[in-house]
Amino acid sequence: MLRYILKRFTIMAVTLFIIVTLTFILMHSIPGSPFNQERGTNEAVQANLEEFYNLDEPLYVQYFIYLKAVATFDFGPSIKQPTATVNDLLGRGFPVSLELGLVSIIIAVISGILLGIIAALRHNEIIDYIAMTIAVLGISIPNFILATQLIQTFAVNLKILPAATWSSPMHMILPTIALATGPMAIIARLTRSTMLEVLTQDYIKMARAKGLSPAKIVFKHALRNALMPVVTILGTLLAGILTGTFVLEQIFAIPGMGKYFVESINTRDYPVIMGTTVFYSAFLIFMLFLVDIVYGLLDPRIKLHQKEVK
Amino acid sequence: MKKWLFFLFAVLAVIVLTACTANESAGEGDPSESNDSDDAQTEEPSEKVLYLNNGVEPTSFDPPIGFDSNSWQALNNLMEGLTRLGKDDQPQPATAEDWDISDDGKEYTFYIRDDAKWSNGDDVTADDFVYAWKRMLDPETGSPAAFLGYFIEGGEAFNSGEGSADDVAVVAEDDKTFKVTLTAPTGYFLNVIANPAFFPINQAVAEENPEWFAEADTFVGNGPFILESWKHDTSMVMAKNDQYWDAETVKLDKVNWAMVNDSNTEYQMYQSGDLDTSGVPSDMAEELMSGDDVIIEDQAGTYFYRFNVTKEPFQNTKIRKAFAMAVDQQQIVEYVTKNGEKPAYGFVAPGFTGPSGNDFRETNGNLVEFDPEKAKTLLEEGMAEEGYDELPPVTLSYNTSDSHKAIAETLQQMLKQNIGVDVELANAEWNVFLQDQKDLKHQLSRSSFLHDYADPINALESFITDSSMNRTGWSNAEFDGLIAKAKAEANEEKRWEYMYEAEKVLFDEMPIFPIYFYNQVLLQKENVTGIVRHPVGYMELKWADKN
């Protein structure tokens, strides 16, 4: 196991390195500069600004400065907001985005699995059809449309929930529902179909023959196997939720990290672009790694590494 | 079994962690927001709180750095300059209670109020202005607003790295007397210094903590409101400043600024009572514009298109005029933008009053007209002059946005219909678009001009040869001469004559053609009054009230 983890970490580091390099190249190949304004500043001011941000150095020097920044995790000050360092911005935004993302994925997983189980147990009955219709709606409706509609219904018309911002648990309800619905739908459908398959297996028949209660059969024996595909796609779902936060944070005025990521590209704020990209990539890579570990733990049949044949 | 337990544990741990962090941040929530937006209007009835939206986090509260409305909208109410624009949009005494102007119009002596105080109790002194204005012009500061200081003698030299701070002609004659010497008589100087770039800075505070403006607890201002709290990216709360010299006029107790960047969400919050003002989302413009709560104010600026006279076929004046006259501005404002704007037939926006009480735009009249017949004739003549059998391909460029696209498509259609020319459309992201425009890569591109200060020269000087605001490649000696004369002229009547002439020369050669004059359209609750919005300038909350 340890060897597996070490191997994975090496691969993760290489992946991150490639991402950092590609981002740097792309970033500097877009035309435009962070100091581009309508009126333009005079040369003396321009020179001072470029010197401060190391933008007057040749590209390969800037590249090594960035690599050093990534290694020490100190990206320096933002160009657009000189009194805030990139780490400040990440420190402000990440906990909020993390909260939003985590709560959403938990809601998605739990309600998706439950919905799938119910649908599978009551296969071909009304409940099944209702559940699957909800699932289809959830997959089809884009989360930003759902978000605006939720605000309209619950905040403007019924006035029982706040419209936007992020300052109390009440404020969390609408954004997390909007973000969780898509993944929930996917998980529900997947759980249902796997569950149906599993329930026809021999060992389930055996459990029933032994006289075990339906609850025990489902939760102790069937679920573990039905969860495998869900865990498989969990990585992709996490990525989806991560990118989903960008749009929803804008709509709900949630002070998360997404807007720095998007805005920094428009303003050519190089330190922020590098910082947010590295951070998001590292986070996602690590989450995928965790998912793989969980996968291996869940199913003893899966060996994550090849044992040497002696 | 063990693995199942482990998994369950992991899930539970995550849930518990989330619950903990949820409670943590709920506790850290902005204390004024904990009133919950649902019962936003039910605090003690004696406290007047105005709920506004700043859209985004302010770029900076450092006066010369935050060169945009996201910063200066709020800063204008936290600090104050020598003058402040009043309800009539004219400069009124503010930190300076009086001033003398020398006969040649170049020397201004300001007398600062005795009761002008900083929010930490210090007196506002002339040294605070000297410190702030020199700092704004310092090339090390890198202020994008520095060009406004070029009116001051020694200002441009210092900012270009050729002069020194000592040569900038601002002097503190004593604690309360501040003297400025200008390079030329500038009748609108009092207007210019109302701009937040010219706000004083408490020198002692700034020298002790160069980032005094970055947090609420270190911010020191001299305006009608103090910065009570600032939760970055989330909200700001301003409270009435009791140290302000005119505190009795200020009626509001608090101003709560949200930072909601989505126009639809902003409107929804306005509907649910969480905000007192809101912009009008563009797709709802038609139905909302006729409501009772709509406010339409002028905004001094012009939406226009630039030709590139260094690229074919726009080196020919008649071809340019043909294109310009094929455009029906009235149709665009009535059916495309639908925001109550005024169609533009000149470059300088309405609202600038001259020495004899006349409005610039009214006096100089319409300098371009929609005339498809004349346009066709001019096009033929122009093509003959250049020897074109067929007009070279033309691309119309704009920066990516739905509203610009709508106007661009309309222009494309008008050009086809009225002079039979097929243009291609091209759009690019703003930064790329701007760079290309500066590099003269476009043929015909969209632009806008918004005033920095309230005088027509601000708009007209954009088109002198080689100005960074020109971006058309157009160069006309007569125009340059008229602008130079206007800038050096002390007599207001003569100065305006030069400006009228210059605009006429501009439209004689037509390197640009205008579409509409900007305005400010917003929704405001009926119980809110007294918010002053200037055509050039930032929102004033000093006289605002809420019933």
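Tutor: This is a predicted model. In chain B, strand E1 (residues 49-53) pairs with strand E10 (residues 254-258) in the parallel sense, over five bridges.

Student: Which residue is the bridge partner of B:Val49 in E10(B)?
Tutor: The partner of B:Val49 there is B:Lys254.

Student: And how many residues of E1(B) are buried?
Tutor: Five of its five residues are buried, and the strand is mostly covered. Both faces of E1(B) are covered. B:Val49, B:Tyr51 and B:Asn53 are buried on one side, and B:Leu50 and B:Leu52 are buried on the other.

Student: Changing topic: in what order do the four strands of the open sheet in chain B run?
Tutor: The order is E4-E5-E7-E6, with antiparallel pairing.

Student: Which are the edge strands?
Tutor: They are strand E4 (96-101) and strand E6 (170-174) of chain B, each of which pairs on one side only. From one strand to the next, the twist averages 25 degrees.

Student: How many bridges join E6(B) to E7?
Tutor: Four bridges join E6(B) to strand E7 (residues 177-181) of chain B, and the two run antiparallel. Within that pair, B:Val170 has B:Val180 in E7(B) as its bridge partner.

Student: Which strands does helix H3 of chain B lie across?
Tutor: Helix H3 (residues 126-137) lies across strand E5 (107-112), E6 and E7 of chain B.

Student: And at what angle to E6(B)?
Tutor: Helix H3 of chain B runs at about 170 degrees to E6(B).

Notes
Residues numbered from 1 in each chain as written. Chains lettered and ligands numbered in written order. Predicted model: local features only at pLDDT ≥ 70, side-chain atom pairs only at ≥ 80, totals over all residues. Heavy atoms only, no water. Buried < 20%, exposed > 50% of the residue type's maximum accessible area, 1.4 Å probe, protein only. Pairing = 2+ DSSP bridges. Axes fitted to C-alpha atoms, helices over the stretch in contact; angles between N-to-C directions. Contact = heavy atoms within 4.5 Å.
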